Amino acid sequence: MPPGRRNASRYGPAGKSGGTYSSVTGRSNSGETVGSVADDKRIDDVGYGGKSLAPKHVPMPVVPVDGQLAFEALSLVIFVVSACLQLLNLYRTVWWLPYSYTGYSMNFYLIDPYLLVFIFTIIARSFVNTLVYHVIDVSLSYRWSRATRMTMRVVLFFIEISILSWCVCHMAHRHDLLKIFYLCYPSLIMYFVIVSPFSDCSESCEKEERKQKYLMDKPLHNCSLNASAIRAEVSTLRSDFNQRLKQAVFLPSASAYVCSVGPIIFAPPHLHYSFLWVTQHVFFFWIGRLTAYLAQTYPIRYCDVLHRAAMHLGRWVVIENRHNHICAQQWNDTVLWPHGSIVRYNRELYRSEGLCTAAEPGNQNHIRFHVFFHNPARMLRVVLIVQGLVVFFQLVILFCTYEWYQVLSLTISLVINYYPLFKVGRDWLITWKVYRAEEIIQEKSQMAVNHIAQ
(Lines give C-alpha, C1' and ligand atoms only; values in the text may rest on other atoms or scores of the structure.)
Protein backbone atom coordinates (compact mmCIF):
# COMPACT_ATOMS: atom_id res chain seq x y z
CA MET A 1 0.00 0.00 0.00
CA PRO A 2 1.40 3.51 -0.78
CA PRO A 3 2.73 5.45 2.18
CA GLY A 4 0.21 8.29 2.00
CA ARG A 5 -2.81 5.99 2.05
CA ARG A 6 -1.32 3.84 4.80
CA ASN A 7 -0.79 6.84 7.09
CA ALA A 8 -4.26 8.18 6.50
CA SER A 9 -5.92 4.85 7.17
CA ARG A 10 -4.07 4.27 10.40
CA TYR A 11 -4.13 7.73 11.92
CA GLY A 12 -6.93 9.59 10.19
CA PRO A 13 -9.86 8.35 12.29
CA ALA A 14 -8.05 9.25 15.50
CA GLY A 15 -8.22 12.90 14.62
CA LYS A 16 -11.82 13.22 13.54
CA SER A 17 -13.92 15.73 15.39
CA GLY A 18 -16.91 15.01 17.52
CA GLY A 19 -17.62 12.16 19.89
CA THR A 20 -14.82 11.51 22.34
CA TYR A 21 -12.43 14.23 21.28
CA SER A 22 -14.72 17.22 21.32
CA SER A 23 -15.11 16.94 25.09
CA VAL A 24 -11.39 16.76 25.85
CA THR A 25 -10.04 19.83 27.57
CA GLY A 26 -6.58 18.65 28.66
CA ARG A 27 -4.30 20.79 30.81
CA SER A 28 -3.85 24.49 31.14
CA ASN A 29 -0.64 26.41 30.66
CA SER A 30 -0.12 26.73 34.37
CA GLY A 31 -0.17 23.00 34.94
CA GLU A 32 -3.66 22.75 36.45
CA THR A 33 -6.01 20.08 35.14
CA VAL A 34 -8.79 21.72 33.17
CA GLY A 35 -10.67 18.55 32.25
CA SER A 36 -11.42 15.48 34.28
CA VAL A 37 -9.14 12.54 34.99
CA ALA A 38 -11.12 10.43 32.55
CA ASP A 39 -10.51 13.01 29.82
CA ASP A 40 -6.76 12.98 30.45
CA LYS A 41 -6.71 9.19 30.32
CA ARG A 42 -8.71 9.31 27.11
CA ILE A 43 -6.13 11.59 25.53
CA ASP A 44 -3.26 9.31 26.51
CA ASP A 45 -5.02 6.32 24.96
CA VAL A 46 -5.82 8.00 21.65
CA GLY A 47 -3.52 7.20 18.76
CA TYR A 48 -2.13 4.21 17.07
CA GLY A 49 -0.75 1.32 19.06
CA GLY A 50 -1.30 3.13 22.37
CA LYS A 51 0.84 6.10 21.30
CA SER A 52 -0.84 9.46 21.69
CA LEU A 53 -1.00 11.97 18.85
CA ALA A 54 -0.98 14.81 21.40
CA PRO A 55 2.49 16.33 21.99
CA LYS A 56 3.97 15.91 25.44
CA HIS A 57 4.38 19.25 27.21
CA VAL A 58 7.03 19.93 29.82
CA PRO A 59 5.63 22.06 32.68
CA MET A 60 7.01 25.58 32.74
CA PRO A 61 8.38 26.59 36.16
CA VAL A 62 6.84 29.48 38.02
CA VAL A 63 8.78 32.67 37.28
CA PRO A 64 7.98 35.87 39.20
CA VAL A 65 6.39 38.58 37.08
CA ASP A 66 5.85 42.19 38.14
CA GLY A 67 2.27 43.10 38.86
CA GLN A 68 0.63 45.50 36.42
CA LEU A 69 0.31 48.28 38.99
CA ALA A 70 3.92 47.90 40.15
CA PHE A 71 5.16 47.83 36.56
CA GLU A 72 3.24 50.98 35.63
CA ALA A 73 4.53 52.77 38.73
CA LEU A 74 8.12 51.80 37.89
CA SER A 75 7.61 52.86 34.27
CA LEU A 76 6.28 56.24 35.37
CA VAL A 77 9.36 56.84 37.52
CA ILE A 78 11.65 55.82 34.64
CA PHE A 79 9.83 58.08 32.18
CA VAL A 80 10.13 61.04 34.57
CA VAL A 81 13.85 60.33 35.09
CA SER A 82 14.39 60.09 31.33
CA ALA A 83 12.68 63.42 30.72
CA CYS A 84 14.80 65.05 33.44
CA LEU A 85 17.99 63.60 31.96
CA GLN A 86 17.11 64.92 28.52
CA LEU A 87 16.45 68.35 30.00
CA LEU A 88 19.82 68.09 31.73
CA ASN A 89 21.49 67.30 28.38
CA LEU A 90 19.90 70.41 26.87
CA TYR A 91 19.98 73.02 29.64
CA ARG A 92 23.07 72.14 31.71
CA THR A 93 25.30 74.98 32.93
CA VAL A 94 28.84 75.55 34.13
CA TRP A 95 27.68 76.58 37.58
CA TRP A 96 30.93 75.47 39.30
CA LEU A 97 33.09 78.09 37.56
CA PRO A 98 34.07 81.06 39.75
CA TYR A 99 32.69 83.70 37.37
CA SER A 100 29.56 81.82 36.30
CA TYR A 101 26.41 83.93 36.02
CA THR A 102 24.18 81.15 37.46
CA GLY A 103 24.27 79.12 40.63
CA TYR A 104 22.12 76.26 39.35
CA SER A 105 23.09 73.17 37.38
CA MET A 106 20.37 73.86 34.77
CA ASN A 107 18.84 76.92 33.12
CA PHE A 108 15.37 76.35 34.53
CA TYR A 109 14.02 79.64 33.17
CA LEU A 110 14.37 78.33 29.59
CA ILE A 111 12.11 75.32 30.23
CA ASP A 112 8.45 75.76 29.31
CA PRO A 113 6.32 74.69 32.34
CA TYR A 114 3.33 73.87 30.13
CA LEU A 115 5.53 71.45 28.20
CA LEU A 116 6.37 69.68 31.45
CA VAL A 117 2.66 69.36 32.32
CA PHE A 118 1.97 68.02 28.83
CA ILE A 119 4.73 65.42 29.14
CA PHE A 120 3.67 64.32 32.61
CA THR A 121 0.03 63.95 31.52
CA ILE A 122 1.01 61.66 28.66
CA ILE A 123 3.37 59.44 30.63
CA ALA A 124 1.12 59.24 33.72
CA ARG A 125 -1.93 58.13 31.75
CA SER A 126 -1.28 54.37 31.98
CA PHE A 127 -0.41 54.47 35.68
CA VAL A 128 -3.49 56.50 36.61
CA ASN A 129 -5.79 54.22 34.63
CA THR A 130 -4.25 51.09 36.14
CA LEU A 131 -4.48 52.53 39.66
CA VAL A 132 -8.14 53.49 39.24
CA TYR A 133 -9.03 50.08 37.82
CA HIS A 134 -7.21 48.34 40.66
CA VAL A 135 -9.15 50.33 43.25
CA ILE A 136 -12.42 49.57 41.46
CA ASP A 137 -11.70 45.85 41.27
CA VAL A 138 -10.79 45.70 44.96
CA SER A 139 -13.73 47.80 46.15
CA LEU A 140 -16.60 46.62 43.96
CA SER A 141 -18.00 43.28 42.90
CA TYR A 142 -17.59 41.99 39.36
CA ARG A 143 -21.15 42.95 38.46
CA TRP A 144 -20.57 46.63 39.21
CA SER A 145 -16.87 46.83 38.42
CA ARG A 146 -17.31 46.44 34.65
CA ALA A 147 -19.76 49.34 34.37
CA THR A 148 -17.69 51.46 36.75
CA ARG A 149 -14.50 50.74 34.79
CA MET A 150 -16.11 51.84 31.55
CA THR A 151 -17.48 55.01 33.13
CA MET A 152 -14.17 55.92 34.75
CA ARG A 153 -12.32 55.24 31.51
CA VAL A 154 -14.49 57.78 29.70
CA VAL A 155 -14.12 60.30 32.53
CA LEU A 156 -10.33 59.92 32.65
CA PHE A 157 -10.14 60.22 28.88
CA PHE A 158 -11.92 63.58 28.87
CA ILE A 159 -9.83 64.80 31.80
CA GLU A 160 -6.64 63.96 29.92
CA ILE A 161 -7.89 65.66 26.78
CA SER A 162 -8.83 68.76 28.79
CA ILE A 163 -5.39 69.02 30.41
CA LEU A 164 -3.58 68.48 27.11
CA SER A 165 -5.76 71.07 25.36
CA TRP A 166 -5.06 73.59 28.13
CA CYS A 167 -1.32 73.03 27.75
CA VAL A 168 -1.45 73.29 23.96
CA CYS A 169 -3.39 76.57 24.11
CA HIS A 170 -0.76 78.16 26.38
CA MET A 171 2.14 76.79 24.34
CA ALA A 172 0.57 78.15 21.13
CA HIS A 173 1.06 81.70 22.43
CA ARG A 174 4.78 81.17 23.05
CA HIS A 175 5.93 78.79 20.31
CA ASP A 176 5.51 78.12 16.64
CA LEU A 177 2.47 76.06 15.68
CA LEU A 178 4.70 73.71 13.70
CA LYS A 179 6.51 72.69 16.91
CA ILE A 180 3.20 71.97 18.60
CA PHE A 181 2.21 69.84 15.63
CA TYR A 182 5.47 67.88 15.85
CA LEU A 183 4.82 67.26 19.55
CA CYS A 184 1.11 66.45 19.51
CA TYR A 185 0.52 64.58 16.29
CA PRO A 186 2.74 61.48 16.79
CA SER A 187 2.03 61.10 20.51
CA LEU A 188 -1.74 61.55 20.26
CA ILE A 189 -1.99 59.29 17.22
CA MET A 190 -0.09 56.52 18.99
CA TYR A 191 -2.01 56.89 22.25
CA PHE A 192 -5.58 57.62 21.26
CA VAL A 193 -5.95 56.13 17.77
CA ILE A 194 -3.63 53.11 17.42
CA VAL A 195 -3.94 52.23 21.12
CA SER A 196 -7.61 52.97 21.65
CA PRO A 197 -8.57 54.56 24.98
CA PHE A 198 -11.46 52.09 25.14
CA SER A 199 -9.33 49.00 24.32
CA ASP A 200 -9.73 47.40 27.76
CA CYS A 201 -13.50 47.39 27.56
CA SER A 202 -13.54 46.09 24.01
CA GLU A 203 -11.07 43.34 24.93
CA SER A 204 -13.24 42.22 27.84
CA CYS A 205 -16.29 41.97 25.60
CA GLU A 206 -14.30 40.17 22.93
CA LYS A 207 -13.02 37.61 25.44
CA GLU A 208 -16.55 36.78 26.52
CA GLU A 209 -17.72 36.46 22.94
CA ARG A 210 -14.86 34.11 22.07
CA LYS A 211 -15.62 31.87 25.09
CA GLN A 212 -11.88 31.39 25.52
CA LYS A 213 -10.62 30.24 28.93
CA TYR A 214 -8.65 32.97 30.74
CA LEU A 215 -6.90 32.89 34.11
CA MET A 216 -5.57 36.16 35.53
CA ASP A 217 -5.99 37.75 32.08
CA LYS A 218 -3.81 35.00 30.57
CA PRO A 219 -5.25 32.53 28.05
CA LEU A 220 -5.23 28.83 28.84
CA HIS A 221 -4.23 26.09 26.44
CA ASN A 222 -6.53 23.14 25.79
CA CYS A 223 -4.79 19.89 24.81
CA SER A 224 -7.51 18.94 22.37
CA LEU A 225 -7.43 16.35 19.61
CA ASN A 226 -10.16 18.16 17.70
CA ALA A 227 -8.56 19.72 14.61
CA SER A 228 -11.20 22.46 14.30
CA ALA A 229 -10.83 23.35 17.98
CA ILE A 230 -7.05 23.60 17.59
CA ARG A 231 -7.35 26.01 14.65
CA ALA A 232 -9.91 28.09 16.53
CA GLU A 233 -7.61 28.29 19.54
CA VAL A 234 -4.71 29.35 17.33
CA SER A 235 -6.84 32.08 15.77
CA THR A 236 -7.78 33.38 19.22
CA LEU A 237 -4.19 33.32 20.46
CA ARG A 238 -2.94 35.03 17.31
CA SER A 239 -5.43 37.89 17.77
CA ASP A 240 -4.48 38.22 21.44
CA PHE A 241 -0.78 38.24 20.56
CA ASN A 242 -1.24 40.96 17.93
CA GLN A 243 -3.22 43.13 20.35
CA ARG A 244 -0.53 42.78 23.01
CA LEU A 245 2.20 43.49 20.47
CA LYS A 246 0.47 46.69 19.35
CA GLN A 247 0.32 48.01 22.90
CA ALA A 248 3.82 46.76 23.81
CA VAL A 249 5.31 48.65 20.84
CA PHE A 250 3.30 51.87 20.68
CA LEU A 251 2.90 52.67 24.38
CA PRO A 252 6.67 52.89 25.12
CA SER A 253 7.26 54.52 21.73
CA ALA A 254 4.79 57.31 22.44
CA SER A 255 6.16 57.87 25.94
CA ALA A 256 9.77 57.81 24.74
CA TYR A 257 8.92 60.29 21.98
CA VAL A 258 7.25 62.73 24.37
CA CYS A 259 9.91 62.40 27.09
CA SER A 260 13.00 62.50 24.89
CA VAL A 261 12.05 64.19 21.63
CA GLY A 262 9.58 66.72 23.06
CA PRO A 263 12.24 68.75 24.95
CA ILE A 264 14.41 68.84 21.80
CA ILE A 265 11.54 70.23 19.72
CA PHE A 266 10.94 73.10 22.15
CA ALA A 267 14.61 73.93 22.75
CA PRO A 268 15.31 77.63 22.05
CA PRO A 269 17.05 78.32 18.72
CA HIS A 270 20.04 79.98 20.41
CA LEU A 271 20.64 77.02 22.73
CA HIS A 272 23.88 75.11 22.11
CA TYR A 273 23.84 71.38 22.79
CA SER A 274 25.27 68.16 21.39
CA PHE A 275 22.78 66.85 18.86
CA LEU A 276 24.51 63.46 18.73
CA TRP A 277 24.29 63.07 22.50
CA VAL A 278 20.58 63.88 22.82
CA THR A 279 19.83 61.63 19.83
CA GLN A 280 21.61 58.64 21.34
CA HIS A 281 19.74 59.26 24.58
CA VAL A 282 16.47 58.95 22.65
CA PHE A 283 17.58 55.73 20.97
CA PHE A 284 18.95 53.98 24.07
CA PHE A 285 15.97 54.92 26.18
CA TRP A 286 13.47 53.80 23.54
CA ILE A 287 15.13 50.40 23.08
CA GLY A 288 15.31 49.86 26.84
CA ARG A 289 11.64 50.68 27.37
CA LEU A 290 10.59 48.57 24.40
CA THR A 291 12.45 45.58 25.84
CA ALA A 292 10.90 46.12 29.27
CA TYR A 293 7.37 46.28 27.84
CA LEU A 294 7.92 43.16 25.73
CA ALA A 295 9.20 41.24 28.77
CA GLN A 296 6.18 42.38 30.80
CA THR A 297 3.59 41.79 28.08
CA TYR A 298 4.90 38.38 27.06
CA PRO A 299 5.98 36.46 30.18
CA ILE A 300 7.28 32.96 29.64
CA ARG A 301 4.05 31.35 30.88
CA TYR A 302 2.16 33.22 28.16
CA CYS A 303 4.77 32.29 25.53
CA ASP A 304 4.44 28.68 26.65
CA VAL A 305 0.72 28.78 25.83
CA LEU A 306 1.56 29.90 22.28
CA HIS A 307 4.23 27.22 22.06
CA ARG A 308 1.85 24.44 23.09
CA ALA A 309 -0.75 25.59 20.59
CA ALA A 310 1.91 25.64 17.85
CA MET A 311 2.93 22.08 18.74
CA HIS A 312 -0.67 20.91 18.29
CA LEU A 313 -1.10 22.97 15.13
CA GLY A 314 1.90 21.46 13.32
CA ARG A 315 2.82 22.47 9.79
CA TRP A 316 2.68 21.34 6.18
CA VAL A 317 5.66 21.32 3.84
CA VAL A 318 5.14 21.55 0.06
CA ILE A 319 6.48 18.56 -1.85
CA GLU A 320 8.52 20.06 -4.68
CA ASN A 321 9.68 16.90 -6.51
CA ARG A 322 6.45 15.17 -7.40
CA HIS A 323 6.20 11.63 -8.65
CA ASN A 324 3.26 10.03 -10.33
CA HIS A 325 3.27 7.07 -7.98
CA ILE A 326 2.77 9.22 -4.86
CA CYS A 327 -0.69 8.56 -3.52
CA ALA A 328 -2.21 11.35 -1.45
CA GLN A 329 -5.56 11.89 0.16
CA GLN A 330 -7.63 15.04 -0.12
CA TRP A 331 -7.10 17.26 2.92
CA ASN A 332 -9.96 17.07 5.41
CA ASP A 333 -10.41 19.82 8.01
CA THR A 334 -11.86 17.37 10.56
CA VAL A 335 -8.84 15.05 10.59
CA LEU A 336 -5.85 15.44 12.88
CA TRP A 337 -3.08 14.29 10.54
CA PRO A 338 -0.06 12.40 11.92
CA HIS A 339 3.57 12.89 11.01
CA GLY A 340 4.44 12.06 7.40
CA SER A 341 0.89 12.26 6.03
CA ILE A 342 0.66 13.31 2.38
CA VAL A 343 -2.39 15.29 1.31
CA ARG A 344 -3.56 17.16 -1.76
CA TYR A 345 -4.93 20.68 -1.37
CA ASN A 346 -5.40 23.39 -4.03
CA ARG A 347 -3.46 21.40 -6.65
CA GLU A 348 -0.45 21.07 -4.34
CA LEU A 349 0.99 18.15 -2.42
CA TYR A 350 1.90 18.64 1.25
CA ARG A 351 3.67 16.49 3.83
CA SER A 352 2.90 16.95 7.51
CA GLU A 353 5.63 17.58 10.06
CA GLY A 354 5.27 17.20 13.79
CA LEU A 355 3.59 14.61 15.95
CA CYS A 356 0.21 15.88 14.78
CA THR A 357 -0.92 18.50 12.25
CA ALA A 358 -4.18 20.43 12.35
CA ALA A 359 -3.07 23.41 10.25
CA GLU A 360 -4.58 24.26 6.90
CA PRO A 361 -2.10 23.60 4.08
CA GLY A 362 -0.77 26.82 2.58
CA ASN A 363 -2.35 29.04 5.25
CA GLN A 364 0.22 31.78 5.86
CA ASN A 365 -1.18 32.64 9.29
CA HIS A 366 -0.70 29.04 10.43
CA ILE A 367 2.78 28.90 8.92
CA ARG A 368 3.91 32.10 10.67
CA PHE A 369 2.36 31.00 13.96
CA HIS A 370 4.25 27.70 13.90
CA VAL A 371 7.54 29.33 12.83
CA PHE A 372 7.45 31.99 15.55
CA PHE A 373 6.13 29.95 18.45
CA HIS A 374 7.50 26.48 17.76
CA ASN A 375 10.41 27.59 19.95
CA PRO A 376 9.80 30.99 21.64
CA ALA A 377 13.36 30.87 23.06
CA ARG A 378 14.59 32.05 19.65
CA MET A 379 12.59 35.28 19.86
CA LEU A 380 13.74 35.84 23.43
CA ARG A 381 17.30 35.35 22.27
CA VAL A 382 16.91 38.13 19.67
CA VAL A 383 15.50 40.50 22.28
CA LEU A 384 18.30 39.55 24.68
CA ILE A 385 20.98 40.25 22.06
CA VAL A 386 19.50 43.67 21.25
CA GLN A 387 19.26 44.67 24.91
CA GLY A 388 22.76 43.31 25.57
CA LEU A 389 24.17 45.39 22.71
CA VAL A 390 22.51 48.51 24.12
CA VAL A 391 24.11 47.96 27.53
CA PHE A 392 27.47 47.14 25.92
CA PHE A 393 27.56 50.31 23.80
CA GLN A 394 26.49 52.40 26.79
CA LEU A 395 29.41 51.01 28.79
CA VAL A 396 31.84 51.75 25.94
CA ILE A 397 30.55 55.32 25.62
CA LEU A 398 30.73 55.77 29.39
CA PHE A 399 34.44 54.87 29.43
CA CYS A 400 35.06 57.49 26.72
CA THR A 401 33.03 60.26 28.37
CA TYR A 402 34.43 63.09 30.48
CA GLU A 403 31.59 65.65 30.70
CA TRP A 404 29.85 65.54 34.08
CA TYR A 405 26.29 65.61 32.75
CA GLN A 406 27.09 62.87 30.23
CA VAL A 407 28.54 60.61 32.93
CA LEU A 408 25.47 61.19 35.11
CA SER A 409 23.04 60.59 32.25
CA LEU A 410 24.72 57.39 31.05
CA THR A 411 25.12 55.96 34.54
CA ILE A 412 21.43 56.35 35.34
CA SER A 413 20.46 54.96 31.92
CA LEU A 414 22.64 51.91 32.53
CA VAL A 415 21.01 51.26 35.88
CA ILE A 416 17.60 51.47 34.21
CA ASN A 417 18.56 49.08 31.38
CA TYR A 418 20.09 46.46 33.68
CA TYR A 419 16.69 45.35 34.95
CA PRO A 420 15.08 44.45 31.57
CA LEU A 421 18.38 42.81 30.59
CA PHE A 422 18.15 40.59 33.67
CA LYS A 423 14.49 39.71 33.06
CA VAL A 424 14.97 38.82 29.39
CA GLY A 425 18.15 36.85 30.14
CA ARG A 426 16.42 34.87 32.89
CA ASP A 427 13.41 34.12 30.70
CA TRP A 428 15.58 33.02 27.79
CA LEU A 429 17.69 30.68 29.94
CA ILE A 430 14.62 29.02 31.46
CA THR A 431 12.77 28.59 28.15
CA TRP A 432 15.88 27.30 26.41
CA LYS A 433 16.39 24.56 29.01
CA VAL A 434 12.70 23.60 29.16
CA TYR A 435 12.19 23.43 25.40
CA ARG A 436 15.45 21.54 24.92
CA ALA A 437 14.14 18.86 27.29
CA GLU A 438 10.76 18.90 25.55
CA GLU A 439 12.42 18.52 22.16
CA ILE A 440 14.18 15.36 23.35
CA ILE A 441 10.87 13.92 24.58
CA GLN A 442 9.15 14.76 21.30
CA GLU A 443 11.90 13.09 19.30
CA LYS A 444 11.53 9.89 21.34
CA SER A 445 7.75 9.93 20.88
CA GLN A 446 8.16 10.48 17.16
CA MET A 447 10.60 7.61 16.85
CA ALA A 448 8.17 5.33 18.72
CA VAL A 449 5.27 6.29 16.44
CA ASN A 450 7.36 5.80 13.31
CA HIS A 451 8.48 2.40 14.54
CA ILE A 452 4.88 1.27 15.09
CA ALA A 453 3.79 2.69 11.71
CA GLN A 454 6.44 0.61 9.97
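A polar contact, as I use the term, is a pair of N or O atoms within 3.5 Å; within protein, one must be able to donate a hydrogen and the other to accept it, and residues adjacent in sequence count only if both atoms are side-chain atoms.

**Ground rules.** I am working from a predicted model, where local features need pLDDT of at least 70, side-chain atom pairs count only at pLDDT 80 or more, and totals for chains, interfaces and linings use all residues. Residues are numbered from 1 along each chain as its sequence is written, and side-chain values use heavy atoms, leaving out hydrogens and water.

**Entry 1: the start of α11.** I looked up the N-terminal end of α11 and found Asn-363 capping it, with a side-chain oxygen 3.0 Å from the backbone nitrogen of Asn-365. Helices here are DSSP runs (H or I, at least four residues), and strands likewise (E, at least two), numbered from the N terminus.

**Entry 2: the buried face.** In α11 (residues 364-373), I list His-366, Phe-369, His-370 and Phe-373 as buried (under 20% relative accessible area, 1.4 Å probe, protein chains only). Down the helix axis they fall within an arc of 95°, so they line one face of α11 (the arc is taken from the directions from the axis to the C-beta atoms). These residues pack against α8, α10, β3 and α12 (contact means heavy atoms within 4.5 Å).

**Entry 3: Ser-82.** I found Ser-82 in helix α3 (residues 68-91), buried at a relative accessible area of 2%. Leaving aside residues up to four places away in sequence, Ser-82 touches Cys-259, Ser-260, His-281 and Phe-285.

Methods
Buried < 20%, exposed > 50% of the residue type's maximum accessible area, 1.4 Å probe, protein only.
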